[in-house]
Amino acid sequence: MKFLHAADLHLDTPFQGLDALPEMWQHRLTAAPFTALQRLVDLAITEQVDFVLLVGDLFDQQAQSVPAQAALMAALDQLAAEQIPVILSFGNHDFQPDVTTWHFPANVHVFDAQVTTVELTTKQQQRVAITGFSYDQRWVTTPKVQDFPLKRTGVDYQIGMLHGQVGTSGDHYAPFAVSDLLAKHYDYWALGHIHQRQTLNAMPPVMYPGNLQGRYRDELGAKGALLVTSQGDQLVPEFKPLAPLVWTNWTPELSGQLDRPTLLTQLSAQLQARPVTVPELVVITLPATLTLTPTAELALTQGALLAQLQQQAPATSWPVTLQLAATDTTSDLFGMDTAIWQQAGETTVTTEKIAALADHLLDEPFLNQTLLEATTPEQWQQQVLRLLQDHYHLTLQGGDSDAN
């Protein structure tokens, strides 16, 4: 048996900051999610998989554009023509109060808000039970895993589809504990929602495939789907990269004191020499140990150095930002060390307080979209600490200027 596990296609992603990109790169980025979807279909056909699992957030929003709907339907029609079943669910981004309003091809089974099980038979006459559900509202705070039945008797494999994350009752995204998943005795758990590829348990596999295409600078590296193959009585996943464009963090090898011409020459040479197999948008961070002459530092902070580097960039790599690595300044903030700052963040920025604040902010369209992202409390804590640090330094600078 062989199947594909994909999640978080996020068709209709509202890419931001496109105006700063050349037209060619704008086109590459906006077309990337659709290209990745087509590559998923091509892979399913080439591998002649028995079925395809799409685990939530097929679209970036509850309401979809015509092109996004057309792209998904075309992909499903292609798989239908090859007699490849598709089992799909909706997630927190594209939640659907009534899935019956959708008219999918006959090869598609879509889960509704209730946990249910569909059974299919492969070409090799293996019986497979697949259990899952769709979001019918933005947040699912109950642990839906409690509604998943134990593995069926008489089937060769049972698979669970769950768009959610590790957590406790009251968390927003169908919280679960890995131990609760394992207690069901399924052969494979196909997860969605977290955009970073992760293995929560090796055998039986409890897997996040990550999203199909990185959307922002923090969704780094190769993106794609998992090709899962039966080997004996086990199901073994293999990552298949499908994204036509990747985001990359890169720190060049630079040292000593450099003036502007030397820095530009070395940056350009190293960027040109990097082996690149997939077109990439590059976030460049200069080493913190690097010393710049005043003219080089001015060119860096004003963006002139980045503009020059972009003019010399290879066709496969586009530098989107150029920055100097930040030094750790938390040790002397308000006379407190890093540990105290971290403790303050963990106490102040909690899941409950984030949720309470979100309830009042979701009326703002931009914040509504931002707060739907799968941001962990730890990531929120770090962002708040950075904002506090920036505010503190700006306050000091302002006080100094007033004194002068």
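Is Asp12 buried, exposed or partly exposed? Asp12 comes out as partly exposed, because its relative accessibility is 22% and that label covers values between 20% and 50%.

In soluble globular proteins, nonpolar side chains tend to be buried together. Here, the largest nonpolar core has 33 residues. Leu40, Val52, Leu54, Leu88 and Phe104 have the most contacts inside this core. Two or more residues come from each of β1 (2-6), α1 (23-47), β2 (51-55), α2 (66-81), β3 (86-89), β4 (108-110) and β11 (224-231). The top contributor is α1, with 6 residues.

Leaving aside residues up to four places away in sequence, Val52 touches Leu4, Ala44, Leu79, Ile84, Pro85, Val86 and Ile87. There is also a second, separate core of 29 residues, which includes Trp247, Leu254, Leu292 and Leu300.

Rolling a probe the size of a water molecule over the atoms shows where empty space is left. In this model, 2 cavities of 30 Å³ or more turn up. The largest has a volume of about 50 Å³, and its lining consists of Leu37, Leu40, Val41, Val52, Leu54, Leu72, Ala75, Leu76 and Leu79. At least two lining residues come from each of α1, β2 and α2, and α2 has the largest share, with 4 residues.

What classes of residue line the largest cavity? The lining has 9 nonpolar residues, with no polar and no charged ones. The second largest cavity, with about 30 Å³ of space, is lined by His195, Gln196, Arg197, Pro209, Gly210, Asn211, Ala222, Lys223 and Gly224. By class, that makes 2 nonpolar, 5 polar and 2 charged residues.

## Two prolines in loops

Where is the cis peptide bond that involves Pro204? This bond runs from Met203 to Pro204, with omega near 0 degrees. Pro204 is part of the loop between β9 (198-201) and β10 (206-208).

Pro275 is in another loop, the one between α4 (260-273) and β15 (280-286). This proline counts as exposed because its relative accessibility is 77%, and the label applies over 50%. The C-alpha atom of Pro275 is 9.7 Å from that of Thr316, a residue 41 places apart from it along the chain.

The protein chain has a mean pLDDT of 86, with 80% of its residues at 70 or more. Two stretches call for some care. Residues 362-374 stay under 50, although the model gives them 27 contacts beyond four places in sequence. Residues 392-404 are also below 50, and that stretch has 4 contacts beyond near neighbours in sequence. Where pLDDT is low, the predicted coordinates should not be read in detail.

How values were computed
Residues are numbered from 1 along each chain as its sequence is written. Side-chain values use heavy atoms; hydrogens and water are left out. A nonpolar core is a set of buried Ala, Val, Leu, Ile, Met, Phe, Trp, Tyr and Cys residues joined through side-chain atoms within 4.5 Å. Buried means under 20% relative accessible area, exposed over 50%, partly exposed in between (1.4 Å probe, protein chains only). Contact means heavy atoms within 4.5 Å. On a 1 Å grid over the protein atoms alone, a cavity is a set of points where a 1.4 Å probe fits but cannot get out, and a pocket is an open set with protein on both sides within 12 Å along at least five of seven lines; lining residues have an atom within 4 Å of a point. Grid points are joined across faces, edges and corners, and a volume is the space filled by probe spheres set on the points. Ala, Val, Leu, Ile, Met, Phe, Trp, Tyr, Cys and Pro count as nonpolar, Asp, Glu, Lys and Arg as charged, and the others, Gly among them, as polar. pLDDT is the predictor's confidence in each residue, from 0 to 100.
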